[in-house]
Amino acid sequence: MHYHIGNMLIYQEFKPGCECPLCRIRNILENRLAEQYLNDAVMEDDQRKKVNERGFCAHHTQMMLARKNKLSLALQHVTRITTLKAKLEVTDNVKLALKQAEYFAHCGETCVICDSVEDSMVRYYKTIAEMYDGEPKFKDVLLKTNGFCLEHYAALLAHAKYAHGSNRSYVYDLSKLQKKAMNDLLEDLYKFCSKHDYRNANVPWEGAETALLRAVQRLHGEEAK
Ligand SMILES: [Zn+2]
Ligand SMILES: [Zn+2]
């Protein structure tokens, strides 16, 4: 394994019954980071510098706001707002004002947690492809999952070259698995719709009651809380 990400979370989350194991892994990483950024250790110099420069996106700010340590979050905001205030220039120059507008329009989108999660996820995509190539039992584990959300399906395909000699059979297995998952979901969605007809009131749901929620997760992923 070249990417030192460890396969523990992969074996833990790759199992049937969820729309996307990679969303689950990403959510675990996001939760860990949200906790870490509320922890005093994070106020070390290099971390503080990163928070100054990048800040947190709305989603991760809300995650931290929902947790207990309000003082840490307030301190993070002191450091970030100090940086942003320095970028704000009182000016009567319309051109400079436009430059400011460009900066401030996007300053809420950069995020140290997003940066770190994205780095790790890329390593996961590579590691999963490598495991398919190098760990014989992993193929069965993969095939027993229910596929992925579309973003993560695309990410796995995009990193398929890391399955080296097995890359063709890897993309074949991935695409076949995903196609079946989409077919099954569509059938459940049809059933979900048909159950809204009173004539089908007595037809058993057989799991289709969650079809709409699963369809949303399949299209947009499962968001961390
Ligand atoms: Zn996903
Ligand atoms: Zn973020």
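## Basis of the description

Because the model is predicted, local features are reported at pLDDT of at least 70 and side-chain atom pairs count only at pLDDT 80 or more, while totals for chains, interfaces and linings use all residues. Residues are numbered from 1 along each chain as its sequence is written, and chains are lettered from A, with ligands numbered from 1, in the order in which they are written.

## Overall fold

The protein chain contains 11 helices and 0 strands, where helices are DSSP runs of H or I with at least four residues, strands are runs of E with at least two, and both are numbered from the N terminus. Its radius of gyration, taken over C-alpha atoms, is 22 Å, well over the 17 Å that the globule rule (2.2 Å times the number of residues to the power 0.38) gives for 225 residues, so the chain is more spread out than a compact globule. Along the principal axes, the C-alpha atoms fill a box of roughly 65 × 50 × 40 Å.

Of the 225 residues, 24% count as buried; a residue is buried if 20 or more other C-beta atoms, placed from the backbone, lie within 10 Å of its own, exposed if 12 or fewer do, and partly exposed in between. Two residues are in contact if their C-beta atoms lie within 7 Å, and among contacts between residues at least 6 apart in sequence, 77% join residues at least 24 apart.

## Nonpolar core

In soluble globular proteins, nonpolar side chains tend to be buried together. A nonpolar core is here a set of buried Ala, Val, Leu, Ile, Met, Phe, Trp, Tyr and Cys residues joined through C-beta atoms within 7 Å, and the largest one has 33 residues, of which Ala34, Ile113, Ile128 and Ala129 touch the most other members. At least two residues of this core come from each of α2 (21-37), α4 (58-65), α7 (112-134), α9 (150-158) and α10 (167-194), and the largest share, 9 residues, is supplied by α7.

Leaving aside residues up to four places away in sequence, Ile113 touches Glu30, Leu33, Ala34, Tyr37, Phe56 and His60. Cys114, which lies in α7, touches Cys57 and His60 under the same exclusion, and is partly exposed, with 17 other C-beta atoms within 10 Å.

## Packing of α2 and α4

The axes of α2 and α4, lines fitted to C-alpha atoms over the stretch in contact, are 9 Å apart and meet at an angle of about 65°. The two helices are therefore roughly perpendicular, a class that covers angles from 65 to 115 degrees. Glu30, Ala34 and Tyr37 of α2 make the contact with His60, Met63 and Met64 of α4.

Most residues other than glycine have a negative phi.

With 8 C-beta neighbours inside 10 Å, Glu206 counts as exposed.

Methods. Axes fitted to C-alpha atoms, helices over the stretch in contact; angles between N-to-C directions. Parallel < 35°, antiparallel > 145°, perpendicular 65-115°, else oblique.
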